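Good morning, colleagues. Please bring up the sequence and the structure, and I shall take you through some backbone features and then the packing.

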Amino acid sequence: MPEAYTAPLHRKLKSRHIKMIAIGGIIGPGLFVGSSNALHIAGPAGILISFCLVGIIVFFVMQSLGELATVIPVTGSFTDYAARFVDESLSFALGWAYWYLWVTVLANEYNAISLVVMYWTDVVPQWGWILIFWAFFMGLSLAGILVYGEIEFWLSLIKVISITIFFIVAIFISSGVIGPQKIGFKYWDDPGAFADSINGVANTFVIAGTLYAGTEMVGITAGEADNPAKAVPRAIRQVFWRILIFYVGTMFFIGILIPHNDDRLLSAESKTAQSPFTIALSDAGLGAGASLINAVIVIAVISAGNSSMYVSSRTVLYMARNGKAPKLLGRVNKAGVPWVALLFSNLCACIAFLSVSKAAGAVYEALITLSGVATFIVWGTIELVHIRFRKGLQAQGQSVDDLPFKALWYPYGAYAALAANVFLIFFQGYTAFLNPFSATSFVISYILLPVFVILLVGYKLWNKTKWVNLAEMDIWTGRREGLGPVHDEPLPKKKGVFRKVKRIAVG
């Protein structure tokens, strides 16, 4: 059936789906579990510094992507933009790097959920839990885009409510209202605000990059949105506040409630792991709350696994339909579900089974580092693509004022974020060069760089691709009719505190 390889994906995602998917992309299981490793490595002040700095980068990346995804809402998103605005070879390398990122994240979710579920019971071995959730995610992903949107909407809402409640409880615990003692900032003094000075901060940059990965998911969902001109800008505009509240807020509270040298935090030597949320509530005598948090983590993993399957399959689908991946991966069924791409991505995520024979923490750290470097490569490329798009508009005499959504503080934000991502790609692994030199850390930190270059140069030489000329740049394909400057609908006149908080939290 030739139409199976050319049929478009269904555009059924509503505005409320896009908004909550943007939140769900930020609040993943890494926030609940991976944050413990970050605290262990950098200390409370260290994680605040790294997550704030990377959060600023994310803000500008999302501004750039928002401008592109609103005017040209296609499923290939920035992978498609790279081919049209820069070079086909960049699109090839970026597409596979982004697909790898999400397959790694998916494997990470399998490893995370097996660790968390074993908090309750170890009757089922770790590999058994991985297999169970592998089948569960596969079945969920085959249900279609509307089911994905609805599930992500409600799961994201649960995550938002849960973190908000934790913030309130954390204030009571720190002040001594709940728990055996008043904590305040005593752990900032002993064992200290930093776990390993600047080295710890550097090592958590890559963790922050991985935990923030998913914010750019809005660009992918725009291709299956019914009204991207309305949904995407509203989701993008709230990113800064969501980063500030959910991530920086979480790092602040776990940093004051738990000492960074607590043995229960996930590290390379650990066989099992507890979430810092769970540790904080358990220490305060809220055992039931700790179990509830673990249930929320399972929900977060289901949400993140659902999203990982979605993004990885859509990315490889675009690649297959544009001659950058095997044609078979571009097949969809009558419901518009890319089932072959889904199966392929989920099979590759079986690298999660490596954790069965090694210390879970060591595998977790390796997966985090590899996917984190890929994140910086993707974000840096998004900025490059955006800069090229603006230059193309100028070369073809198009006015920026006609764009539905314009990136804030362009060009300064775009160039600064591009430079910052390039810097972090190399800086995040510098501790491997400290005495003594660690060959293992060096390979984990930098192996993706030569692979990315080989993919780019190899494809360019083999296909003899050329750098896109600004005057010939395709800035029109994929635009939908009726796209003009976006003006938010006026807020109701009665603007209470609850309404303002709701708008920031859920758009």
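Pro191 sits in helix α7, residues 186-192. In this predicted model, the peptide bond between Asp190 and Pro191 is cis, with omega about 15°. Pro411 belongs to the loop between α15 (360-395) and α16 (412-427). Its relative accessibility is 28%, so Pro411 counts as partly exposed. The C-alpha of Pro411 is separated by 9.1 Å from that of Arg390, 21 residues apart along the chain.

The loop between α15 and α16 also holds Trp409, which has a positive phi of about 60° without being a glycine. As a general point, most residues other than glycine have a negative phi, and most peptide bonds are trans. Trp409 is exposed, because its relative accessibility of 54% is over 50%. Ser77, in helix α3 (residues 77-85), likewise has a positive phi, near 50°. Is Ser77 buried or exposed? Ser77 is buried, at a relative accessible area of 0%.

I turn to the packing. The largest nonpolar core comprises 141 residues, and Tyr81, Phe85, Tyr212 and Trp379 have the most contacts inside it. Helix α2 (residues 29-71) supplies the largest share of this core, 19 residues. Beyond its neighbours within four places in sequence, Tyr81 contacts several residues, including Leu65, Leu68, Val86 and Val385.

Finally, helix α4 (residues 88-117) spans 43 Å between its first and last C-alpha, close to the expected 44 Å. Of its 30 residues, 28 are buried. Asp87 caps the N-terminal end of α4, with a side-chain oxygen 2.8 Å from the backbone nitrogen of Ser89.

Definitions and conventions
Residues are numbered from 1 along each chain as its sequence is written. This is a predicted model: local features need pLDDT of at least 70, side-chain atom pairs count only at pLDDT 80 or more; totals for chains, interfaces and linings use all residues. Side-chain values use heavy atoms; hydrogens and water are left out. A nonpolar core is a set of buried Ala, Val, Leu, Ile, Met, Phe, Trp, Tyr and Cys residues joined through side-chain atoms within 4.5 Å. Buried means under 20% relative accessible area, exposed over 50%, partly exposed in between (1.4 Å probe, protein chains only). Helices (H or I, at least four residues) and strands (E, at least two) are DSSP runs, numbered from the N terminus. Contact means heavy atoms within 4.5 Å. The expected span of a helix is 1.5 Å times one less than its number of residues. A polar contact is a pair of N or O atoms within 3.5 Å; within protein, one must be able to donate a hydrogen and the other to accept it, and residues adjacent in sequence count only if both atoms are side-chain atoms.
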